[in-house]
Structure formats: structure tokens, C-alpha cells
There are 2 protein chains.
Amino acid sequence: MGAKILQCVPNFSEGRDPGFLNELEVVLQQFPVKVLDLSMDADHNRADCTFLGEPDAVEACAFAVTSRAVELIDMRRHTGAHPRMGAVDVVPFVPIRGLTMDETVEIARAFGNEFADKNGIPVFFYEEACTSEARRNLADVRRGEYEGMAEKLRAPNWTVDAGPQAFNEQSGVTAVGARMPLIAFNVNLQTDDVEVAKNIATAVRHAGGGLRYVKAMGLGLEDEGIVQVSMNLVNYQGTPIPRALELVRAEAARYGVSVKECELVGMVPLEALQEVASYYLQIPDFDMTQVIEYHLLPD
Amino acid sequence: MGAKILQCVPNFSEGRDPGFLNELEVVLQQFPVKVLDLSMDADHNRADCTFLGEPDAVEACAFAVTSRAVELIDMRRHTGAHPRMGAVDVVPFVPIRGLTMDETVEIARAFGNEFADKNGIPVFFYEEACTSEARRNLADVRRGEYEGMAEKLRAPNWTVDAGPQAFNEQSGVTAVGARMPLIAFNVNLQTDDVEVAKNIATAVRHAGGGLRYVKAMGLGLEDEGIVQVSMNLVNYQGTPIPRALELVRAEAARYGVSVKECELVGMVPLEALQEVASYYLQIPDFDMTQVIEYHLLPD
């Protein structure tokens with residue numbers, strides 16, 4: 001278990017210009033990191049990037065790729081369905097192997113300071129890297145979005161964690177964090193009634209009295225004539241995927257609605273599948289060491 | 001995807017003397033292979049060993065460890081619950097990565113010839129390494145067990161594939177094969193009626209009109225007061241784990257019996273878990289490239 005593996009998943013406010021991804025790719029190729037995902041969504045007008053490797057390489061690559069995005073994006077022209085407050089909207093660092101959360105927080109804050117100072121962008125630290133509990137939750141940090149940030153930065157309790165206190169009109173504000181691997185899991189329901197999805201989202205999410213490590217929202221997928229409960233599982237050890245899915249299923253039954261299919265967006269750690277096998281196959285002590293390939297992973 | 005990875009899973013007719021496993025361990029340590037499992041079962045009076053690595057190393061190690069077992073085991077004194085015909089009962093080779101089944105068959109037959117000639121033991125090739133369809137199924141090859149082998153070897157259609165035609169009283173007969181990774185999956189049922197387990201086993205297995213790649217038997221677990229459908233899934237791509245489990249569950253419902261828990265014995269390839277996640281999480285296009293660690297496997 002020698003090698004330390006860190007992951008970084010920056011989100012950018014550009015989801016419509018394919019040339020943008022090409023520009024990011026040019027930067028990513030200059031670093032010894034493994035790029036797992038680089039994709040964009042036109043409705044959200046947002047791009048996601050996932051890469052991992054040794055901590056030093058990941059930190060250097062994160063700085064280069066986010067600084068390039070700052071040059072390319074002008075927030076004054078940005079519209080899209082996804083909440084956002086900056087060109088480089090969020091930069092979470094995620095410990096995958098051999099790193100503690102404390103070490104990850106230290107890396108995130110070092111990155112945040114360098115990014116803020118060199119680009120002149122206000123930065124807030126969030127999740128495990130937060131400097132106060134009021135900034136732990138990204139939704140609280142981002143509330144008001146890009147359009148409300150100039151005012152938010154004048155509020156006494158929103159002193160920046162790094163960079164200038166003054167709003168940056170072109171680039172907005174960036175949130176830099178450290179967190180557990182996040183699982184984006186969507187449940188599509190056999191109904192066109194968006195109220196059903198919204199009610200279920202409220203019931204299953206932590207904020208609504210539901211599962212501690214679940215964030216959820218209900219939305220309509222107009223093209224398909226169905227609705228979706230879109231969830232973020234922020235700690236798959238505390239709230240495993242099967243528990244979230246089966247609670248959605250149970251709440252959907254209240255409306256006589258069944259699950260059409262699910263989507264896993266992006267990546268999951270192998271350990272998250274351990275719970276899937278253990279729950280559904282009813283193997284109480286199932287263990288990833290029973291997977292052949294586990295023994296071929298680097299030490 | 002450069003490295004070729006071969007697995008070998010020899011089964012030995014000794015499950016009661018802990019010193020036996022120590023002897024095998026001494027041999028295994030002399031080769032650059034990864035030992036995934038080395039265990040024995042007293043009721044079955046049988047030991048299992050699973051190791052993997054580059055094909056040349058695995059073949060050499062298989063020869064050394066099986067030859068040592070031949071020295072240590074005398075079949076004239078062997079009794080046990082599990083069907084068996086030799087000291088080194090079966091030696092299956094399994095392609096894990098970068099090897100075709102044809103290449104694996106070639107390795108199995110080369111090993112079988114060397115093992116048979118140097119130890120003076122009759123060998124039959126089975127499964128994908130078989131030389132005729134009548135020898136594909138291990139149960140057909142082993143029928144009569146150790147006690148019936150002297151007679152079987154005199155039958156015209158049981159000319160050996162390697163080694164002497166004469167019965168070896170001390171070591172019996174060995175089956176050498178090539179096959180897909182085999183998944184040993186047991187379903188424990190909330191009843192003490194062994195007929196229920198036997199009926200379900202008949203219904204789900206290929207021989208009884210059930211699933212093509214499932215072998216199954218029903219047995220009582222007297223200590224626990226329950227029964228078990230013990231399955232071998234011989235091609236997890238053709239018959240995935242969820243299909244086998246859910247068919248057992250559906251047949252158990254016929255008797256008002258529910259599934260208490262399941263057991264996965266030994267190892268599974270990562271790809272087998274892909275189907276588990278895809279089926280139960282209702283993700284039609286789930287893919288192991290969505291697992292972070294997949295990207296850290298050796299090229």
C-alpha cells in the first residue's frame with residue numbers, strides 16, 4: 001500500500017463549446033496523471049474533469065488546468081440549468097488510496113491559496129476543508145450563485161478563505177474542497193409527474209429528514225417523458241447505494257410508481273460495489289479481497 | 001493490457017492434516033506467483049489452492065505443487081463427502097487476463113503430459129481441454145470415483161489422454177482442464193427440509209432443464225438447521241450471478257421458503273460484479289471502467 005493516490009474533480013462553467021475540452025486536454029497531457037473523465041453537458045452548460053495520480057502531480061495539474069479554464073471562460077455570458085458561481089466552479093480533492101482526510105485538506109488549502117492569489121479569484125473552502133461549519137455545505141457557499149456573489153462578498157460573514165475579497169466579474173468565485181469520493185446516482189421513475197420526484201427527493205435526503213449522507217433533487221426529463229430523483233451520495237460508507245435506491249423505491253411505491261432504470265454518473269470506488277454485492281446477494285461478509293483483480297492492484 | 005495472467009486452482013484429496021497445507025506453502029513460495037487461497041475442508045477431506053501470475057511461472061508452480069501432493073497423499077486411506085478420483089483430483093487452468101481459451105488449453109495439455117509422465121499417473125483432459133465431448137463434463141470423467149477407476153481404465157472408451165493406462169493405486173487418476181473462472185455460489189434457505197433444496201437444485205441446474213451454465217445440488221446444513229442450494233456457475237457471462245440467485249428465490253417461493261443468506265466461496269472476477277451492479281441497481285450499461293481502481297490495474 002505504498003503509493004498515495006489523490007483524485008481531483010474540477011467542474012467548469014462551460015458545457016457547449018467542444019473546443020473547451022480540447023484546450024483542457026492539451027494541459028492535462030502535460031502531467032503524469034490518469035484522466036478518468038472529461039465531459040460536458042449542454043443543458044447544465046458545465047464540464048466535469050476527473051484525474052488522479054500521485055498527490056504532487058495532481059496538485060500541479062489542478063493548478064494548470066483550472067488556470068487555463070479561467071482564461072477561456074467569461075461568466076458574464078453564462079447561463080445553464082446547474083447552480084454555479086464561478087468559471088472554475090468547484091475543485092474538490094478526494095483521497096483514493098494511502099491518504100488521510102487531514103492530508104487531503106492540507107493539499108486542498110495549499111492549492112486554493114495558490115489558485116486564488118495567482119488568478120485574483122475569491123475562494124471559499126468547503127466540505128472537509130471548510131474553515132467554519134457555515135461553509136461545509138457547498139449549497140450554502142454557492143447560494144446566490146454568480147449573480148449574487150458581488151453582494152455576498154460584502155457580507156461580514158463571507159470573508160474569503162483565500163484571494164481577494166472583491167468580486168471578479170469575469171471569473172466569479174471558486175469553491176475548493178476536500179471530500180470523500182462522491183457518488184452521483186440517479187433514479188428514473190415511470191411517471192411524468194415531477195411532483196412525485198420532488199416529494200421522493202425531499203423524503204430521502206438528509207435535509208428533509210431522510211438519509212444522513214444523501215443530497216437529492218427531483219426533476220423532469222422532458223425528452224423522455226419521465227422524472228428523476230438525482231442523488232449525490234456524499235459518504236458511501238455511511239449511506240451505501242442500495243440503501244438510497246431501496247428507500248427511493250419504497251417512497252415511489254406510495255404513488256404506485258416503479259423504478260425504470262438508474263444511472264451512475266462518473267466513477268465509483270470499488271468499495272462501493274462491495275456493499276452492492278453484500279446487500280443484494282445477501283452475503284453479509286462479502287469482501288473485495290474475494291475479487292481476483294483486487295490482488296493485482298499496485299502496492 | 002500487456003501482462004498475461006493465468007490462474008490455476010488444483011484440488012487435493014487431503015482436508016484434515018494441517019501439515020499438508022504447510023508443505024504446499026513451502027513449494028508455492030518458490031515461485032513468482034500470487035497465492036489467493038490455500039484452504040481445506042475436513043468434511044470434504046479436500047484442499048483447494050488458487051494462485052495466479054504469468055503463464056510460465058504458473059505452469060512451473062503447478063507442476064511442483066501437484067508433484068509434492070502426490071508424494072504426500074495415499075488414496076488407499078481416503079474417505080470424504082466430496083466426489084474424488086485422485087490425490088491430485090483436478091487441475092484447472094483459468095485465463096484471467098490477456099489469454100485466449102485456446103492458449104489456455106495448450107498450457108493445460110502441456111502441463112497434463114508432464115505431470116502424467118513424471119508421476120506415472122493416468123490423466124484425463126476435461127472442459128475446454130477435453131479431447132472428446134464425453135470428457136467435457138468433470139462429473140462424467142470422475143464417475144465411479146477413486147474406487148471405480150481401475151475398472152474404468154479398462155473400458156475401451158476411457159483411454160487416457162496422458163500418462164499410463166494402468167491404474168495408480170496410491171495416487172488414483174487426475175483430471176486436467178481449462179475453463180472459464182468458476183463461481184461457487186451457495187444459497188442458504190430458511191427451512192430444514194432438504195427435499196426443498198434438492199428440488200430447487202434440480203429446477204435451476206442445466207441437467208434438470210434449468211440455466212445453461214449452472215450446476216447445482218441441494219444439501220442439508222445440519223449444524224445450522226437449514227438447507228443449501230450449492231451452485232457452480234461455470235460461465236458467469238452466460239449465466240450471471242443475479243439470474244441464478246433470483247431463479248432460486250422464485251423456486252423457493254413455491255414452498256413459501258425465503259433466502260436466509262448466500263455465500264460466495266473463493267474468488268470472482270471483477271467482471272462478475274458488473275452484472276450484479278447492472279441488474280440490481282438497474283443500470284443497463286454499467287461498465288467496470290466506472291470503477292476507479294479499474295484504471296489502476298497493471299497494463
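Author: Domain bounds here come from an automatic or database domain assignment. On that basis chain A is divided into domain 1 (5-178) and domain 2 (183-293). Please keep in mind that this is a predicted model.

Reader: How far apart are the centres of domain 1 and domain 2 of chain A?

Author: Taken over C-alpha atoms, the centres of domain 1 of chain A and domain 2 of chain A are separated by 26 Å.

Reader: What makes chain A as compact as a globular protein of its length?

Author: Set its radius of gyration against the globule rule, which is 2.2 Å times the number of residues to the power 0.38. For 299 residues the rule gives 19 Å, and chain A has 20 Å, which is close, so chain A is as compact as a globular protein of that length. Its C-alpha trace spans about 50 × 45 × 40 Å along the principal axes. Chain A has eight helices and eleven strands, and 45% of its 299 residues count as buried.

Reader: Why is Leu72(A) called partly exposed?

Author: A residue is buried if 20 or more other C-beta atoms lie within 10 Å of its own, and exposed if 12 or fewer do. Leu72(A) has 14 within 10 Å, so Leu72(A) counts as partly exposed. You will find Leu72(A) in helix H2 (residues 55-72) of chain A. Leaving aside neighbours within four places in sequence, Leu72(A) is in contact with Glu14(A), Phe20(A) and Glu23(A).

Reader: How do you know that chain A and chain B have the relation of a two-fold axis?

Author: Chain B is superposed on chain A by a rotation of 179° with 0.0 Å of shift along the axis, at an RMSD of 0.2 Å. That is why the relation is the one of a two-fold axis. In chain B, the C-alpha of Leu297(B) is the nearest to the axis, 2.6 Å from it. The same surface serves both copies, since 100% of the contact residues of chain B recur in chain A.

Reader: And what makes up the side of chain B that touches chain A?

Author: In this pairing, 31 residues of chain B are in contact with 31 residues of chain A. Strand S3 (34-41), helix H7 (241-253), strand S11 (259-265) and helix H8 (270-280) of chain B each supply at least two residues of that side. By class, the side has 24 nonpolar, three polar and four charged residues.

Technical notes. Residues are numbered from 1 along each chain as its sequence is written. Chains are lettered from A and ligands numbered from 1 in the order in which they are written. This is a predicted model: local features need pLDDT of at least 70, side-chain atom pairs count only at pLDDT 80 or more; totals for chains, interfaces and linings use all residues. Two residues are in contact if their C-beta atoms, placed from the backbone, lie within 7 Å. Helices (H or I, at least four residues) and strands (E, at least two) are DSSP runs, numbered from the N terminus. Ala, Val, Leu, Ile, Met, Phe, Trp, Tyr, Cys and Pro count as nonpolar, Asp, Glu, Lys and Arg as charged, and the others, Gly among them, as polar. Copies are superposed by least squares on the C-alpha atoms of residues with pLDDT of at least 70 in both.
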